[in-house]
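Please walk through this fold with me.

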Amino acid sequence: MTSPNAEYILTVSCPDTVGIVFAVAGFLAGRHCNIIESAQFGDRLSGLFFMRVHFSATEGAPGHAELERDFAEHVAGPFRMEWKLHDAQRRQRVLILVSKFGHCLNDLLYRYQAGGLPIEIPAIVSNHRDFYQLAAWHNIPFHYLPVTPETKAQQERRLLEIAEEERVDLVVLARYMQVLSPELCGRLAGRAINIHHSFLPSFKGAKPYHQAHTRGVKLIGATAHYVTSNLDEGPIIEQEAERVDHTATPDDLVAIGRDIENVVLARAVKSHIEHRVLLNGSKTVVFR
């Protein structure tokens, strides 16, 4: 038996067919589980069905392991599901990577301290020393891993060691200005989120907001996505944009852009830790 206060989140993707919602709801009802929130989506183009169910265990409900075993046998197997059963009350452990721009790191730490992001942050990793005092102020271990072409492979191995030692669930690149190797991207597939301005691929390289100002851009924004070996082209989780006009200076664009990056990254992290993001090939389904 499980605790009557236990809550779970079930995520499902499978070929779309008749009876999936009925089967899932019936399974939970038959095991003394009460649905708190449910969302589903049938993608007519891919022929796939996606579902997220947040439910609680009432008196007499089986434990986590038994629920998983029974669901695999009676529902997941027959419907050929890819699925996970998450403990909704467990805080995910998030490793943050940062370089020399600290706005996203500061924003995530504030939301974490204020309770807006119910996570644990076991460590911060950087290729610069700029934010070690900020990490210390928050009582979070800081790992300085300088990256050069000669040390890149070694530092990536150390990064993975830290993630494994700290039992990390999610890695967040909060303006970490290093390109991850295809090998590292593969190891972190589906559990690493990056943020970038939405000018790509129009304005690559240094000072993109200054490039945008020179071209008279009227719309700026940011994109948060899962990390893949294709630079800044992973499945998109969250985006936002804001209109600007001819009166905005390059510094104005930088300030507006940073604010948007903060919001977009925080939304993406929150959606991920709440298990609202399901992969659908090269894109995502995000249940609000």
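Contact here means heavy atoms within 4.5 Å. Helices (H or I, at least four residues) and strands (E, at least two) are DSSP runs, numbered from the N terminus. The model is predicted: local features need pLDDT of at least 70, side-chain atom pairs count only at pLDDT 80 or more, and totals for chains, interfaces and linings use all residues. Residues are numbered from 1 along each chain as its sequence is written, and side-chain values use heavy atoms, without hydrogens and water.

Take helix H1, residues 20-29. Ile20, Ala23, Val24, Phe27 and Leu28 are buried there (under 20% relative accessible area; exposed is over 50%, partly exposed in between; 1.4 Å probe, protein chains only). Down the axis of H1, the buried residues fall within an arc of 125 degrees, so they line one face of the helix. The arc is taken from the directions from the helix axis to the C-beta atoms. An α-helix has 3.6 residues a turn, so residues three or four places apart point the same way. Phe22 and Ala29 are exposed on the other side of H1.

What covers the buried residues of H1? The cover includes strands S1 (7-15), S2 (33-43) and S3 (48-57), and helix H2 (64-79).

Now the sheet. Its 4 strands run in the order S2-S3-S1-S4, open, with antiparallel pairing. Two strands pair if DSSP finds at least two bridges between them. S2 and S4 (82-87) stand at the edges with a single partner strand each, so one side of each lacks a neighbour in the sheet. S1 and S3 pair over 9 bridges. Leu10 has Val53 of S3 as its bridge partner.
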